Amino acid sequence: MRKKNDLIKQNTQQQSEQLDFFQIVDQFFRSEPLQQFMNEFDTMITDSFPHHHINVNTFETDKTCVINLKIPPVKKEQIKLELFDQYLTISITNREEIKEFNENSSTFRNFTSLDSISRTILLPYSVKEHDIKTKFKKGLLTVTIPKKAKKILIDED
């Protein structure tokens, strides 16, 4: 019986020591200098690797299906639309090239950057390429597709 009580006492002491250790670790990670460092590190990483994406919003009217795409700020020439069966793919490519020449030190610097993103959307039905209408204004690409209404005639007896 005495051994059992001693073991329970030791176990209770170990749990309180572990709790103290976890409290210390928690306090360390919540400290102001470390939080500031982690925030600056997150900012540095997100600024170094910008990740753009294409937001899609679709809705239907009586005669059309409309797809609104919010895209990163690019020129109209950088946007490419491709249609394959019922799939519409929007691709954006941004190429940036900077060339510097310093005559005083006879140095030449060339920097090239290439970014591209794409998004493929499954259309509700097949459509011909010439039926699709697009409009691009201030980062919003609107794709309008006419609905194909099939009328079924009912014969009278």
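Trainee: Where does Ile54 lie, between which helix and which strand?

Mentor: In this predicted model, Ile54 sits in the loop that runs between helix H2 (32-48) and strand S1 (55-60).

Trainee: Is Ile54 buried or exposed there?

Mentor: Ile54 is buried, since its relative accessible area is 5%, and the cut-off for calling a residue buried is under 20%.

Trainee: Which residues is Ile54 in contact with, leaving aside its neighbours within four places in sequence?

Mentor: With those neighbours left aside, Ile54 is in contact with Leu69, Lys70, Ile71, Ile90, Ile92, Ile117, Ser118 and Arg119. For Ile71, which is 17 residues apart from Ile54 along the chain, the C-alpha atoms of the two are separated by 5.0 Å.

Trainee: Switching to the sheets, what is the order of the strands in the open sheet of four?

Mentor: The order is S1-S2-S7-S6, and the pairing is antiparallel. S1 and S6 are the edge strands, each pairing on one side only, and from one strand to the next the twist averages 15°.

Trainee: How many bridges join S2 to S7?

Mentor: Strand S2 (residues 64-70) is joined to S7 by seven bridges, with the two strands running antiparallel.

Trainee: What about the open sheet of three strands, what is its order?

Mentor: That sheet has the order S3-S4-S5, with antiparallel pairing. S3 and strand S5 (107-122) are at its edges and have a single partner strand each, so one side of each is left without a neighbour in the sheet. The twist in this sheet averages 20° from one strand to the next.

Trainee: Over how many bridges do S3 and S4 pair?

Mentor: S3 and S4 pair over six bridges, in the antiparallel sense, and Lys80 has Ser91 in S4 as its bridge partner.

Trainee: Going back to loops, where is Gln78, and is it buried or exposed?

Mentor: Gln78 is in the loop between S2 and S3, and it counts as buried at 19% relative accessibility, the cut-off being under 20%.

Trainee: With which side chain does the side chain of Gln78 make a polar contact?

Mentor: The partner is the side chain of Asn94, at 2.9 Å. Not counting residues up to four places away in sequence, Gln78 touches Ser91, Ile92, Thr93, Asn94 and Arg95.

Trainee: One on backbone angles: what is the phi of Asp85?

Mentor: Asp85 has a positive phi of about 55°, although it is not a glycine. Asp85 is placed in the loop between strand S3 (79-84) and strand S4 (87-102), and it is exposed, with a relative accessible area of 55%.

Trainee: And Lys138, what is its phi, and which loop holds it?

Mentor: Lys138 is not a glycine either, yet its phi is positive, at about 50°. The loop that holds Lys138 is between strand S6 (133-137) and strand S7 (140-146), and at 80% relative accessibility Lys138 counts as exposed.

Conventions
Residues are numbered from 1 along each chain as its sequence is written. This is a predicted model: local features need pLDDT of at least 70, side-chain atom pairs count only at pLDDT 80 or more; totals for chains, interfaces and linings use all residues. Side-chain values use heavy atoms; hydrogens and water are left out. Buried means under 20% relative accessible area, exposed over 50%, partly exposed in between (1.4 Å probe, protein chains only). Contact means heavy atoms within 4.5 Å. Two strands pair if DSSP finds at least two bridges between them. Axes are lines fitted to C-alpha atoms, for helices over the stretch in contact, and angles run from 0 to 180 degrees between N-to-C directions. A polar contact is a pair of N or O atoms within 3.5 Å; within protein, one must be able to donate a hydrogen and the other to accept it, and residues adjacent in sequence count only if both atoms are side-chain atoms.
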